[in-house]
Amino acid sequence: MNTTRPAVTVVGSINLDLIATAERLPTAGETIGGAVLSEQPGGKGANQAAAAARLGGSARMVGAVGHDASGQRMLDALDAAGVDTFDVAVLPQPTGTALIVVDRDGENQIVVCPGANAHLSLDGVEFGPEETVLCQLEVGLEVVLEAARKAQGFFVLNAAPAMDLPAELLERCDLVIVNESEYALIPTLAEAKLVAVTYGKDGSAMFEHGRKVAEAPSAAVSVANTVGAGDAFCAALVLALGSGLDYSRALAVANAVGADAVGDPSSQPDLAQLGHYVERTAAASGASS
């Protein structure tokens, strides 16, 4: 395995997560009492950047926060995780906020108020050929398209939340990462050159032009919060592939990281270095790293 630190630049959302943990999720028009409220740094982009840094990658964040206390808190959290925040803009709009309800099984409902995220600009931002650029769809599609055009190296899209993808964007993607429901909601992914699909407790798989070429089982875990697990998986898969692991091993490593994230109540959980997960999955499979 390559021992250099893969460079990952995340272009995406930075949110304050307001999380209500309840016994169960409410139905339409229903009020549920007895919940516990917490506030955490979040946003799919920030979660992925923090995970990449904690896993040992060289992580840079391109995003936007508001000129408010929440924005400073989000920047402090990214800095503490080891993320380069030079390209995070501080804007007049309020910091993005996600309203999240989580039930006792870790399932969630999320409403995102984008705030400053909706005003992200890539003016003056450059990407080097050695950088992997990782985007999601919680910022404007035009920004994602611009990032795809500017990216010189490996370009990855976590196509969440699911939406129709322009042909130009899909063609530029070296890798698309989605969960099972997103894969079903975006039929054009069957034509994409490389797609990783997560199936929760059923593991993950890799598809080339709709044909399954690799898969890996998930690890058994006690679920505390699923909010940041997919983001940790994305960061880990990008780093594992960048470190030279083959598809099956990279998926296994990303599954292990995602499992640790699910067991942590934080949207930006503490994680071990990538090498720890490489060794752990190698021992589990009897493979050599």
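Because the model is predicted, local features are given only where pLDDT is at least 70 and side-chain atom pairs only at pLDDT 80 or more, while totals for chains, interfaces and linings use all residues. Residues are numbered from 1 along each chain as its sequence is written, and side-chain values use heavy atoms, with hydrogens and water left out.

The protein has eight helices and 13 strands; helices (H or I, at least four residues) and strands (E, at least two) are DSSP runs, numbered from the N terminus. Its radius of gyration is 18 Å, close to the 19 Å that the globule rule gives for 289 residues, so the protein is as compact as a globular protein of that length. This radius is taken over C-alpha atoms, and the globule rule is 2.2 Å times the number of residues to the power 0.38. Along the principal axes, the C-alpha atoms fill a box of roughly 50 × 45 × 35 Å.

Of the 289 residues, 53% are buried; buried means under 20% relative accessible area, exposed over 50%, and partly exposed in between, with a 1.4 Å probe and protein chains only. The accessible surface comes to about 12,400 Å², and carbon and sulfur atoms account for 53% of that surface. These areas come from the Shrake-Rupley method with a 1.4 Å probe, and for residues only the protein chains shown count as cover. Among contacts (heavy atoms within 4.5 Å) between residues at least 6 apart in sequence, 60% join residues at least 24 apart. The protein carries 16 positive and 35 negative side chains, and the centres of the two sets lie 4 Å apart. In this count Lys and Arg are positive and Asp and Glu negative, whereas His and the chain ends are not counted; each charge is placed at NZ of Lys, CZ of Arg, CG of Asp or CD of Glu.

S2 (residues 15–21) is joined by seven bridges to strand S3 (residues 36–42), and the two run antiparallel; here leucine 18 stands opposite glutamate 39. Seven bridges also join S2 to strand S6 (residues 96–102), but in the parallel sense, with leucine 16 opposite threonine 97.

Helix H1 (residues 44–54) is mostly covered, with eleven of its eleven residues buried. Charged residues are included, for Lys44 and Arg54 are among the buried residues of H1. Glycine 56 follows H1 and has a positive phi, near 105°.

Helix H3 (residues 141–150) has Val143, Val144, Leu145, Ala147 and Ala148 buried. An α-helix has 3.6 residues a turn, so residues three or four places apart point the same way. The buried residues of H3 pack against strand S1 (7–11), strand S8 (131–135), S9 and helix H4. The loop between S9 (155–158) and H4 (167–172) contains proline 161, and the peptide bond from alanine 160 to this proline is cis, with omega near -5°.

Strand S10 (residues 175–179) contains valine 178, which is buried because its relative accessible area is 2%. Setting aside neighbours within four places in sequence, valine 178 is in contact with Ala159, Tyr183, Leu189, Val195, Ala196, Val197 and Thr198. S10 pairs with S11 in the parallel sense over four bridges, and asparagine 179 stands opposite threonine 198. In a regular strand the side chains alternate between the two faces of the sheet. In S11 (residues 195–198), Val195 and Val197 point one way and Ala196 and Thr198 the other, and all are buried.

Histidine 209, in the loop between strand S12 (204–208) and S13, has a positive phi of about 50° although it is not a glycine; at 55% relative accessibility, histidine 209 counts as exposed. Valine 227 is found in the loop between S13 (211–216) and helix H6 (229–242), and it counts as buried because its relative accessibility is 15%. Beyond neighbours within four places in sequence, valine 227 is in contact with Asp17, Ile100, Val102, Asn108 and Ser267. The C-alpha atoms of valine 227 and glutamine 268 are separated by 9.0 Å, although the two residues are 41 apart along the chain.

Conventions. Pairing = 2+ DSSP bridges.
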